[in-house]
Each structure stands twice: as C-alpha cells, then as structure tokens.
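Here are my notes on the model, point by point. Please read them with the structure open.

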Amino acid sequence: MLNNKIIYSIVRTLDSLFSPQVSEAVSLLRTGENATLEELQSFRTQALINLIQYAYDHVPYYREKFIAMGLGPDRIKSLEDIKDFPILTKENIRSAGKIL
C-alpha cells in the first residue's frame, strides 16, 4: 500500500511537469485496481477494438488486408475474434514497404 502511495505521488508530480496523459494513465490504473474480472475483460476487448480501428484508419497495409479478407474493426466482439485477423510477419514487413 505504501508503494502505491509513493508511485501515485511521483506520477502526480510528473503529471504537473509533463503531460495530462499521465493523469489519465493514473486514473486508469486506479480503476483497474478495483475492477472485476468482467470489467477487466471488457476493458481489454475495448482496447483491442480501438487498436484495430486505429490500424484500419491509419495504416494502409492493414486496411488493404482487412478489406481483402472481408474483415473490419466492427467484427471484433471478443478477444477470440482476433484469430481471423492477419498476422504480421517479417516477410510482410519487407514486402509491404512504405504502406506499413
């Protein structure tokens, strides 16, 4: 418990010095400490959906792959749904060039 208080104090100080994003991260950590398993799973699923949506919107490689496979960010309903999404390999990175 003492360690958490020290960490939060340090983070609050850093927050005032650097970025409001730090405050958001601390708030998220505090929420996670008392979350139920269902809430944590929901959070993880939503974070995955957000990541997939970001990749679809900003990375041409993934957008092209998703469209070619008939997939999209709206298809994610649970963590198990990622099994259908393309896996990025070293060869994909080499051949994709700037679209990745």
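1. Terms first. Buried means under 20% relative accessible area, exposed means over 50%, and partly exposed lies in between, with a 1.4 Å probe and protein chains only as cover. Helices (H or I, at least four residues) and strands (E, at least two) are DSSP runs, numbered from the N terminus.

2. Ground rules. The model is predicted: local features need pLDDT of at least 70, side-chain atom pairs count only at pLDDT 80 or more, and totals for chains, interfaces and linings use all residues. Residues are numbered from 1 along each chain as its sequence is written, and side-chain values use heavy atoms, with hydrogens and water left out.

3. Overall fold. The protein has five helices and zero strands. Along the sequence the pattern reads α-α-α-α-α. Of the 100 residues, 22% are buried. Contact means heavy atoms within 4.5 Å. Among contacts with a separation of 6 or more, 42% join residues 24 or more positions apart.

4. Surface. The protein exposes about 7,900 Å². Carbon and sulfur atoms supply 59% of that area. Accessible areas come from the Shrake-Rupley method with a 1.4 Å probe; for residues, only the protein chains shown count as cover.

5. Helix α4. Which residues of α4 (residues 60–69) are buried? They are Y61, Y62 and F66. Seen down the axis of α4, these residues fall within an arc of 125 degrees, so they line one face of the helix. The arc is that of the directions from the helix axis to the C-beta atoms. On the other side of α4, I67 and A68 are exposed. The cover over the buried residues includes α3 (37–58) and α5. After α4 comes G70, with a positive phi near 70 degrees.

6. Aromatic pairs. The structure holds three of them. Rings of Phe, Tyr and Trp (its six-membered ring) pair if their centres lie within 6.5 Å; planes under 30 degrees apart count as stacked, over 60 as edge-to-face and the rest as tilted. Why does the pair of Y56 and F66 count as stacked? The ring centres of Y56 and F66 are 6.0 Å apart and the planes lie at 10 degrees, so the pair is stacked. This pair links distant parts of the chain: Y56 sits in helix α3 and F66 in helix α4, ten residues apart. Y56 is partly exposed, at 22% relative accessible area. F66 is buried, at 2%.

7. The tyrosine pair. The rings of Y61 and Y62 have centres 5.2 Å apart and planes at 80 degrees, so this pair is edge-to-face. Both Y61 and Y62 are buried. Ring pairs join Y56, Y61, Y62 and F66 into a cluster.

8. L71 lies in the loop between α4 and α5. Buried or exposed? L71 is buried, with a relative accessible area of 10%. Leaving aside neighbours within four places in sequence, L71 is in contact with F66, D84, F85 and P86. The C-alpha atoms of L71 and P86 are separated by 9.6 Å, with the two residues 15 apart along the chain.

9. Nonpolar patch. L88, I93 and L100 form a nonpolar patch on the surface, with about 230 Å² of accessible area together. Like charges are joined within 9 Å, nonpolar side chains (Val, Leu, Ile, Met, Phe, Trp, Tyr) within 5 Å. I93 lies in helix α5 (residues 90–96). I93 is partly exposed, at 46% relative accessible area.

Note on methods
Patches are made of residues with over 30% relative accessible area and no salt bridge: like charges are joined within 9 Å, nonpolar side chains (Val, Leu, Ile, Met, Phe, Trp, Tyr) within 5 Å. A salt bridge is a side-chain nitrogen of Lys or Arg within 4 Å of a carboxyl oxygen of Asp or Glu.
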